[in-house]
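Please look over the points below with the model open beside you. They are grouped by topic and can be taken one at a time.

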Amino acid sequence: MFRLHHIVHRSSPVLHQTKTLSSCLRQHTRLKTQGPPLQCGLKRFSTAEVPVEAGDPSRMRERTLTMETLNPQVKAVEYAVRGPIVIKAGDLERGLQQGVKQPFTEVIKANIGDAHAMGQQPITFLRQVVALCCFPELMDSPSFPDDAKQRARRILKDCGGQSLGSYSASQGVECIRRDIAEHITHRDQGVPAEWNNIYLTTGASDGIMSILKLLVSGQDRSRTGVMIPIPQYPLYSAAISELGAVQINYYLDEANCWALDIEELQRAYLTAKKHCQPRVLCIINPGNPTGQVQSKKCIEEVLHFAYEENLFVMADEVYQDNVYSSDCQFHSFKKVLFDMGTEYFNNVELVSFHSTSKGYTGECGFRGGYMEVLNMDPQVQTQLIKLLSVRLCPPVSGQAAMNVIVNPPQVHEPSYAQFTKEKSSVLDALAHKARLTEQILNSVPGIKCNPVQGAMYAFPQIFIPPRAIKEAQSLSMAPDMLYCLKLLEETGICVVPGSGFGQREGTYHFRMTILPSPEKLEVLLEKLKKFHLRFLEEYSQQEPQISSSSSSSSSQDHHRQISTQPD
């Protein structure tokens with residue numbers, strides 16, 4: 001207690017209280033074997049030494065937050081990409097590290113589009129610019145090229161205190177927003193982009209959530225309905241559940257390479273109007289999980305539909321650099337809207353999203369992204385800025401990374417050659433792996449995979465024998481969840497069941513990323529092929545042998561039968 005007495009000045013108003021506390025503590029030491037301590041001075045306010053015997057529910061205070069009092073909209077949220085299969089994969093991986101024997105030596109996580117985790121190397125120029133922004137002392141190093149230094153200086157000049165550690169404006173660093181606007185104008189062949197309509201975000205997900213918050217309102221039949229593609233990226237269904245909006249499913253046409261059919265949009269819209277107010281139309285192009293690239297004609301039809309029905313369009317374009325098929329080309333919704341004429345371009349409300357996480361950079365951890373708003377009511381735009389200001393600003397390091405994507409080295413600059421080589425290497429490898437994945441999967445009896453035209457995933461349809469379906473039902477499990485669980489337990493391959501993305505009733509799929517190295521991807525696909533044949537043999541028994549052609553046609557026939565029935 002010597003230190004306690006001497007750190008308080010004699011004239012301190014708490015001196016008497018400190019002496020009282022010290023006295024109580026000494027008294028407690030003398031009497032601790034005789035009974036409970038005296039409640040003296042500050043002691044009566046302390047809970048640190050209150051003994052609570054474990055396992056005695058009568059002495060436990062009831063918790064305020066329980067599963068019964070938890071926000072029901074949070075309970076409704078599901079996110080398959082990091083769901084039960086992925087949790088199981090983590091357990092298996094830790095077991096392997098601790099020496100637990102498994103029929104495989106490693107867990108291959110093909111469940112998520114995390115490029116660097118799968119071994120993709122960073123783009124040198126991007127890392128150089130961010131490193132210089134984070135540690136400006138490196139500006140004096142000859143190891144960094146002048147064009148990287150020039151970009152870092154420009155970014156830092158717009159940062160408070162010329163430090164990446166300061167908050168930016170809630171909309172983002174101004175020079176970065178201006179660069180994004182210039183990039184969009186160039187991408188869209190001269191269609192102007194206004195920098196005040198650009199907002200930096202914490203990945204695309206943050207922007208999508210912010211816009212949905214603005215759009216969701218009403219009760220009962222006036223509640224906002226949000227139209228999303230099925231299959232969809234589970235962010236959308238999760239956000240809709242969290243915000244208490246109404247999810248409106250429109251089904252992509254699997255028999256036509258996951259094309260978006262306007263008649264299906266109309267069916268979904270008219271059906272939903274009976275119980276909610278459809279206000280929002282979400283499109284993912286290139287597609288996740290389906291890997292399709294929508295044609296310009298398809299986009300025109302979608303925008304015409306949105307114009308006719310007065311729908312707010314949300315265009316998720318984070319895979320715009322990931323187009324592999326020579327027959328396909330990325331068309332931005334904004335450019336197509338412009339080409340449709342002023343009546344459309346000046347009236348359709350559109351927000352498009354981009355991210356550092358995909359493309360050729362794969363910088364998921366920086367959480368960089370942006371959104372561009374078009375034709376938003378100025379008063380609503382003010383409310384958007386207010387909403388964004390609550391979270392202060394997106395990570396400024398992620399903003400710097402986004403700047404490199406929209407402002408890469410030019411042909412006359414020293415980093416151009418290396419940058420171009422690295423970018424081409426990543427995209428060429430992805431294109432090769434997209435073709436490899438489609439080819440091997442389609443060689444397996446009972447699996448049919450559409451061409452992976454873009455993005456980072458394959459979403460093959462799998463035939464599951466009736467006995468396996470019955471077993472899954474007895475376990476209260478989706479049949480493709482049973483399939484993926486067995487695949488993980490027998491091979492160490494982690495993929496995501498199609499039921500987590502949505503699919504037509506009676507069809508089964510899984511999503512796998514094409515991001516592993518070509519060598520590891522070939523191993524993964526060969527293991528998957530052998531597993532699938534064992535799975536068919538185990539659950540088919542007396543059922544006739546399935547050939548590659550017959551299983552594909554059978555699956556397609558079944559798909560055509562259910563496609564005629566709206567879900």
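1. Axes are lines fitted to C-alpha atoms, for helices over the stretch in contact, and angles run from 0 to 180 degrees between N-to-C directions. Helices (H or I, at least four residues) and strands (E, at least two) are DSSP runs, numbered from the N terminus. The model is a predicted one, in which local features need pLDDT of at least 70 and side-chain atom pairs count only at pLDDT 80 or more, while totals for chains, interfaces and linings use all residues. Residues are numbered from 1 along each chain as its sequence is written, and side-chain values use heavy atoms, with hydrogens and water left out.

2. Helix α8 (residues 203–215) packs against α14 at an angle of about 130°, and the two axes are 11 Å apart. That angle makes α8 oblique to α14, where under 35 degrees counts as roughly parallel, over 145 as roughly antiparallel, 65 to 115 as roughly perpendicular and the rest as oblique. On the α8 side the contact (heavy atoms within 4.5 Å) is made by Ser210, Ile211, Lys213 and Leu214, and on the α14 side by Val380, Leu384, Leu387 and Leu388. These contact residues divide into six nonpolar, one polar and one charged, with Ala, Val, Leu, Ile, Met, Phe, Trp, Tyr, Cys and Pro counted as nonpolar, Asp, Glu, Lys and Arg as charged, and the others, Gly among them, as polar.

3. Two cis peptide bonds deserve a look. One runs from isoleucine 230 to proline 231, with omega near 5°, and proline 231 is in the loop between β3 (224–230) and α9 (234–243). The other runs from asparagine 285 to proline 286, with omega near -10°, and proline 286 is in the loop between β5 (277–284) and α11 (296–309).

4. Asparagine 310, although not a glycine, has a positive phi of about 55°; this residue lies in the loop between α11 and β6 (312–316) and is exposed, with a relative accessible area of 62%. Asparagine 375, likewise not a glycine, has a positive phi of about 65°; its place is the loop between β8 (368–374) and α14 (378–390), and at 28% relative accessibility asparagine 375 is partly exposed. Here buried means under 20% relative accessible area, exposed over 50% and partly exposed in between (1.4 Å probe, protein chains only).

5. Rings of Phe, Tyr and Trp (its six-membered ring) pair if their centres lie within 6.5 Å, with planes under 30 degrees apart counted as stacked, over 60 as edge-to-face and the rest as tilted. By this rule the count comes to 12 aromatic pairs. In one of them, tyrosine 307 and tyrosine 344 have ring centres 4.6 Å apart and planes at 50°, so the pair is tilted. Tyrosine 307 belongs to helix α11 and tyrosine 344 to helix α13 (residues 342–345), so the pair ties together parts that are 37 residues apart in sequence. Tyrosine 307 is partly exposed at 27%, whereas tyrosine 344 is buried at 16% relative accessibility.

6. The rings of phenylalanine 459 and phenylalanine 501 have centres 5.8 Å apart and planes at 80°, so the pair is edge-to-face. Both phenylalanine 459 and phenylalanine 501 are buried. A further feature to inspect is the one aromatic cluster formed by Tyr483, Phe510, Phe531, Phe535 and Tyr539.
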